Amino acid sequence: MSINLSPLDQVQRLLFETPLVPLQGHRFQPTGFPGLGAATFQTSNGTCLLVESTQSMANRLELTCWDEARQDIKSDLNGLSHVRVSRNGGFLTDTILESHRLNSPYLLENSDKTFLNKLKSELGVLETGPIDRRRFAQVLLKYDIGSLLHGVFLAKKDLAGGRLRVARALSAFIEADGVRIAASGGVKNDHVNPSGETKTGFGNVPFARDEFTAERITLYANLDLTQIRGYGLGPEAEKLMTLLSLYKLRALIDGNLRLRTACDLCTTGTSILAPTPKSFTLPALAELTVALKPVIADCKNRMTVTEVVFNDELKPGKEEPEETPEYETDQDEG
């Protein structure tokens, strides 16, 4: 099955604006940020709200390619490049799951420098001097195509002095217009010891809770086709990255949009039209799945699935100071 991408030939950006509504009722819970809470802002239309950040949406778009049961990429997408990390003979993580993709510490801070040295060799870069951007894109395509779509910043000084970065080619976020606060709350009840010490989890703890209603909730998506062409990887790779981006977006929209406990969203229809270019409609997931297979095959010799072993000790994070626990709060995934 072939998907006609010719309407995109002269387009710099492919934009989508997808209306969403709460699956049930009117209220929803937006993402929250430490020290800030819900991110509200003012426009000419009144009070608006960031429902889901660009960072979090990048994580969600990547997960559309992951099969949690298999702990591997979905079988329909076999052949796409990514790096798998194992430890003590078992699966540990993957660049598809890592927030910073190829810049994962499980790859670059591993005591086994085999993969890091391979990157240094294939990138062919020095700490100073111009960076061969096309060569950089070729290496990213070989090891982790997701880094070309969702961005990467190889901050390690051993790699061109920490100057290797790619901006997101595919980005998305969710905003709500005409929002109002729906205040509520509750109590964490302790029927055994209601007056117990709350810092250690005992006692009754009342809490306030702010949810929101909105006149409109919209999922915005932006595919930078100029950036994809600028990689200089050729028409086959450009087609692969375009179709894969459309697959991710459609899989996200058709899939589970339960972003948080109290934020379960759905689309208002099946047809998703692009405002730019107006002639383009987001294809169905079944069409994209079929169309991707021959395109992946065309680029198969330029991509690899890499296995890396991480045998370092997993060190615990810094302990946070004790404080009164909060309930039903979610933080941005970053």
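Modeller: Start with the pocket. On a 1 Å grid over the protein atoms alone, a pocket is an open set of points with protein on both sides within 12 Å along at least five of seven lines, while a cavity is a set where a 1.4 Å probe fits but cannot get out; lining residues have an atom within 4 Å of a point. This is a predicted model: local features need pLDDT of at least 70, side-chain atom pairs count only at pLDDT 80 or more, and totals for chains, interfaces and linings use all residues. Residues are numbered from 1 along each chain as its sequence is written, and side-chain values use heavy atoms, with hydrogens and water left out.

Biologist: Which residues lie nearest the centre of the second largest pocket?

Modeller: Gln-24, Arg-27, Glu-211, Thr-261 and Ala-262 do, out of 14 lining residues. The volume of this second largest pocket is about 230 Å³, where volume is the space filled by probe spheres set on grid points joined across faces, edges and corners. Strand 17 gives the largest share of the lining, 3 residues. Strands here are DSSP runs of E, at least two residues, and helices are runs of H or I, at least four, numbered from the N terminus.

Biologist: How do the residues of that lining divide?

Modeller: Into 6 nonpolar, 4 polar and 4 charged. Ala, Val, Leu, Ile, Met, Phe, Trp, Tyr, Cys and Pro count as nonpolar, Asp, Glu, Lys and Arg as charged, and the others, Gly among them, as polar.

Biologist: Which residues touch the most other members of the largest nonpolar core?

Modeller: First the general idea: in soluble globular proteins, nonpolar side chains tend to be buried together. A nonpolar core is a set of buried Ala, Val, Leu, Ile, Met, Phe, Trp, Tyr and Cys residues joined through side-chain atoms within 4.5 Å. Buried means under 20% relative accessible area, exposed over 50%, partly exposed in between (1.4 Å probe, protein chains only). In this model, Phe-16, Leu-102 and Leu-219 touch the most other members of the 86-residue core. Helix 7 (residues 235-254) gives the most to this core, 11 residues. Contact means heavy atoms within 4.5 Å. Not counting residues up to four places away in sequence, Phe-16 touches Leu-219, Leu-246 and Phe-280, among others.

Biologist: Which peptide bond is cis?

Modeller: The one from Thr-276 to Pro-277, with omega near -10 degrees. Pro-277 sits in the loop between strand 17 (263-267) and helix 8 (285-298).
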